[in-house]
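The sequence and the model come first, and the description follows.

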Amino acid sequence: MATQSRFIPEPRTCAIVGCPFSGGQPKAGVDEGPIHLVRAGLIGQLENLGWNVKFDGHHQFEDISAVINNDPPIGILKNPRLVSRVTQSVAKVVGGHVAKGELPITLGGDHSLAMGTVSGTLSKYPDACVVWIDAHADINTPETTESGNIHGMPVSFLMGLGEKIEEFSWVQNLLKPERLVYIGLRDVDAGEKKILRDNGIKAFSMHEVDKYGIGKVVEMALDHVNPDRSRPIHLSFDVDALDPSVAPSTGTPVRGGLTFREGHYICEAIYETGLLVALDLMEVNPSLADAVSVEQTVAVGCSLLRSALGAYFSFGWWYSCRIDIHDIAGETLL
């Protein structure tokens with residue numbers, strides 16, 4: 001039986017926000033991720049779960065790019081004006097869906113987009129908590145970043161950490177340390193580790209996942225950011241949280257990640273709370289692997305989204321985790 005959502009009224013509606021954007025990092029192809037996910041049949045899969053699905057086409061950012069003819073670095077931050085304008089636009093779109101009681105599903109695109117998606121959620125639910133699933137903390141500041149790639153910085157902007165950059169003054173810094181939790185970390189910069197410690201931000205690395213098991217980790221994570229199970233939840237899932245053997249087609253893969261089932265369990269557990277109000281799936285990059293690996297990663301992405309929207313509770317594990325691709329040996333997986 002489907003879990004009753006506390007914030008999404010019946011009939012339940014989700015809105016797919018396709019964001020083919022790559023400006024927060026240097027590798028081409030991540031802007032194709034949303035297109036591949038939709039082409040894989042995502043809309044029909046979610047409709048089969050009983051959701052009304054809105055999709056008006058992928059958001060195009062050519063107009064923004066055309067206006068910004070010159071975007072020199074600020075310090076070492078790359079494409080700062082483009083990233084700011086695009087994420088502000090995404091914030092308005094996501095915020096509009098949340099305000100109407102719809103659940104926005106943002107398909108990236110690089111993870112700098114979460115600066116916009118989380119801002120959109122917090123515009124309606126300022127007390128919302130954020131569950132960030134990632135191999136990386138994405139909390140570098142202008143002072144600590146070594147690359148200048150803003151996809152490694154969205155959390156610091158959301159929290160108002162570090163030097164203030166005028167181009168990002170629209171971000172309202174509503175995210176508080178006690179309402180953020182990470183799961184899956186295993187590649188964290190030295191400066192980020194200090195930020196996490198200094199701000200008391202809860203983070204469950206793969207060490208904790210191995211030590212306690214994913215079920216206990218998710219329970220502890222929710223106990224920290226949502227002890228009464230009353231706050232809305234924004235789930236931001238970077239596919240590089242998964243082990244590269246599970247999701248190989250992504251820009252910054254790191255060995256030793258979440259298994260297929262661990263990633264899905266997180267999504268199932270968040271759905272089971274009835275508190276999910278917004279969902280991101282980021283960093284699927286169809287240009288970075290062979291055709292089989294791309295198909296595998298896209299299929300896993302769709303499967304995660306189904307799980308976050310109740311597939312397990314509607315049809316059981318066999319539908320939640322079904323992947324309509326073939327492995328190297330030509331056998332259907334699950």
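In helix 10, the buried residues are F260, E262, G263, H264, I266, C267, E268, A269, I270, Y271 and T273. These make up 11 of the 14 residues of helix 10, so the helix is largely enclosed by the rest of the structure. The structure described here is a predicted model. The length of helix 10 can be checked as well: at 1.5 Å a residue, its 14 residues should span 20 Å, and the 21 Å between its end C-alpha atoms agrees with that. Directly after helix 10 comes G274, which has a positive phi near 75°.

The structure has 1 cavity of 30 Å³ or more, and the space in the largest cavity comes to about 80 Å³.

The largest pocket holds about 290 Å³ of space. It is lined by 19 residues, and those closest to its centre are H136, N140, H151, G152 and D189. By class, the pocket lining has 1 nonpolar, 9 polar and 9 charged residues. The method behind such searches is simple: rolling a probe the size of a water molecule over the atoms shows where empty space is left.

Which residues of helix 9 are buried? They are I214, V217, V218, A221, L222 and V225. Viewed down the axis of helix 9, the buried residues fall within an arc of 130°, so they line one face of the helix. Helix 9 itself runs over residues 214-225; its 12 residues should span 16 Å at 1.5 Å a residue, and the 17 Å between its end C-alpha atoms agrees.

Some backbone angles deserve a separate look.

| Site | Feature | Angle |
|---|---|---|
| E10 to P11 | cis peptide bond | omega near -10° |
| G108 to G109 | cis peptide bond | omega near 15° |
| D138 | positive phi, not glycine | phi near 50° |
| R229 | positive phi, not glycine | phi about 50° |

As for where these sites lie, P11 is in the segment before strand 1 (13-19), and G109 is in the loop between strand 3 (103-108) and helix 5 (114-124). D138 belongs to the loop between strand 4 and helix 6 (154-159), while R229 is in the loop that joins helix 9 to strand 7. Are D138 and R229 buried or partly exposed? D138 has a relative accessibility of 6%, and because buried means under 20%, it counts as buried. R229, with a relative accessible area of 21%, is partly exposed.

Two further residues show contacts between parts of the chain. R81 is in helix 4 (residues 80-99) and is partly exposed, with a relative accessible area of 23%. Leaving out residues up to four places away in sequence, R81 touches I68, N70, D71, P72, I74 and E167. The C-alpha atoms of R81 and F168 are 8.3 Å apart, although 87 residues separate the two along the chain.

N285 is in the loop between strand 8 (276-282) and helix 11 (291-308). Its relative accessibility is 1%, so N285 counts as buried. With residues up to four places away in sequence again left out, N285 touches K27, A28, G29, V30, S249, T250 and G251.

Terms used:
Residues are numbered from 1 along each chain as its sequence is written. This is a predicted model: local features need pLDDT of at least 70, side-chain atom pairs count only at pLDDT 80 or more; totals for chains, interfaces and linings use all residues. Side-chain values use heavy atoms; hydrogens and water are left out. On a 1 Å grid over the protein atoms alone, a cavity is a set of points where a 1.4 Å probe fits but cannot get out, and a pocket is an open set with protein on both sides within 12 Å along at least five of seven lines; lining residues have an atom within 4 Å of a point. Grid points are joined across faces, edges and corners, and a volume is the space filled by probe spheres set on the points. Ala, Val, Leu, Ile, Met, Phe, Trp, Tyr, Cys and Pro count as nonpolar, Asp, Glu, Lys and Arg as charged, and the others, Gly among them, as polar. Helices (H or I, at least four residues) and strands (E, at least two) are DSSP runs, numbered from the N terminus. The expected span of a helix is 1.5 Å times one less than its number of residues. Buried means under 20% relative accessible area, exposed over 50%, partly exposed in between (1.4 Å probe, protein chains only). The arc is that of the directions from the helix axis to the C-beta atoms. Contact means heavy atoms within 4.5 Å.
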